[in-house]
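Try each task before you read its solution.

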Amino acid sequence: PFPSKAFENVFNRGLNYPMNTNVAVTNNCHGECDYCSYVPSENGHPDLSLDQLKSIMAQLQDLKVPVIGITGGEPLLRSDLEEVVGSIDDRSSTILFTSGRAPDGGLTLERARNLKNAGLFCMSVSLDHQNEETNDRRRFKGSHKLALRAIENALSAGLYTVSSIVVDGKNFEELEEYIHYMGQVGVHGIRILDIVPSGASINQPPLSAEQKRQLIEIHKKVNADPELPQLTTFAYIESEEMFGCGAGGVHHMFVDGEGKLRPCDFVPAVFGDLTKEPLIEAHNRMRKVFALPKRTCPMGE
């Protein structure tokens, strides 16, 4: 958001701290997405408490991290999610990553408004295909309807609303059709993530160099058209032409559902347990390994 303290922190945070950090507020999830990067441990670790999450958020803000993402698992499954969001003040902008599924069904307009009133700026809703049957086969039954309902209610609540799609060989050729479909739905933006061999997709091949080149061309073409939603294509943002891969606290980092600091949700390496030590100590340890942006994703090398 502009103007805002969060926008100012993009420039005021210095070069030592990341642009954004995603925090998994729960490991619980109903989805079985065939590309999901995040595989929590199987030791039955309970979700972080509200106080633990508030502490992590406060420490991120002390680092002047301008963008904090709230993810999971499915964040809407937490009944205290509004309190988590509300603990983050206007020094940071917040993004909620969701499938749109909540304990009582889908995201209601009332809850979308409550999250907005708590301080949420953006809601990113996962939708991987314009066709309902194809989308549900990739994610879970009913996911297409839940995502559209979440988008509608997020827009009505006044949230900046984007759809998120993971692109692989199964839906690459239909991407432009998807973009026009989401434009008709009315989202403000679209996030395009290309498949990364990690988690459930560890054996899936990444996009080819030619496919990534085509994604970059799509990024440029769509953003030149004021009639279409704003497009963020990570294949372009993290390319050598732009910023490179900034995992590891260079541009972004990740706190998993157990409170462990990781370079991002794709890279399984752990650099500290934030339930036992300050964030700054784990962060500095990680930056000794990830000092500069990488030319390619570490999981794709």
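**Exercise 1. Describe how helix H7 passes helix H8, then give the angle, the distance and the contact residues.**

Solution. Start with the handedness: H7 passes H8 in a right-handed crossing. Here right-handed means that the near helix is turned clockwise from the far one by less than a right angle, and left-handed means anticlockwise. Helices are DSSP runs of H or I with at least four residues, strands are runs of E with at least two, and both are numbered from the N terminus.

This is a predicted model, in which local features need pLDDT of at least 70, side-chain atom pairs count only at pLDDT 80 or more, and totals for chains, interfaces and linings use all residues. Residues are numbered from 1 along each chain as its sequence is written, and side-chain values use heavy atoms, without hydrogens and water.

Next, the geometry. H7 covers residues 175-185 and H8 covers residues 209-223; they pack at about 30°, with axes 12 Å apart. That angle makes H7 roughly parallel to H8 (under 35 degrees; over 145 is roughly antiparallel, 65 to 115 roughly perpendicular, the rest oblique).

Last, the contact (heavy atoms within 4.5 Å). H7 supplies Leu-175, Glu-176 and Ile-179. H8 supplies Leu-215, Ile-218, Lys-221 and Val-222. By class, 5 of these residues are nonpolar, none is polar and 2 are charged.

**Exercise 2. How many aromatic pairs are there? Classify the pair of Phe-121 and Tyr-160, then the pair of Phe-271 and Phe-290.**

Solution. The count is 4 aromatic pairs. Rings of Phe, Tyr and Trp (its six-membered ring) pair if their centres lie within 6.5 Å; planes under 30 degrees apart are stacked, over 60 edge-to-face, the rest tilted.

Take Phe-121 and Tyr-160. Their ring centres are 5.7 Å apart and their planes lie at 5°, so the pair is stacked. Phe-121 sits in the loop between helix H4 (109-118) and strand E6 (122-126), while Tyr-160 is in strand E7 (residues 160-167). The two are 39 residues apart. Phe-121 is partly exposed, at 30% relative accessible area. Tyr-160 is partly exposed too, at 25%. (Buried is under 20%, exposed over 50%, partly exposed in between, with a 1.4 Å probe and protein chains only.)

Now Phe-271 and Phe-290. The centres are 6.0 Å apart and the planes are at 80°, an edge-to-face pair. Phe-271 lies in the loop between strand E11 (261-262) and helix H10 (279-289), and Phe-290 in the segment after H10. Both are buried.

Finally, look for a cluster: ring pairs link Phe-2, Phe-7 and Phe-11.

**Exercise 3. Is Asn-9 buried or exposed, and which residues does Asn-9 contact beyond four places in sequence?**

Solution. Find Asn-9 in helix H1 (residues 5-12). Its relative accessibility is 9%, so Asn-9 counts as buried. Beyond neighbours within four places, Asn-9 contacts Lys-64, Pro-66 and Arg-91.

Follow Lys-64 next. Lys-64 lies in the loop between helix H2 (50-62) and E2. Its phi is near 65°, positive in a residue other than glycine. Lys-64 is partly exposed, at 38%.

Methods
Axes are lines fitted to C-alpha atoms, for helices over the stretch in contact, and angles run from 0 to 180 degrees between N-to-C directions. Ala, Val, Leu, Ile, Met, Phe, Trp, Tyr, Cys and Pro count as nonpolar, Asp, Glu, Lys and Arg as charged, and the others, Gly among them, as polar.
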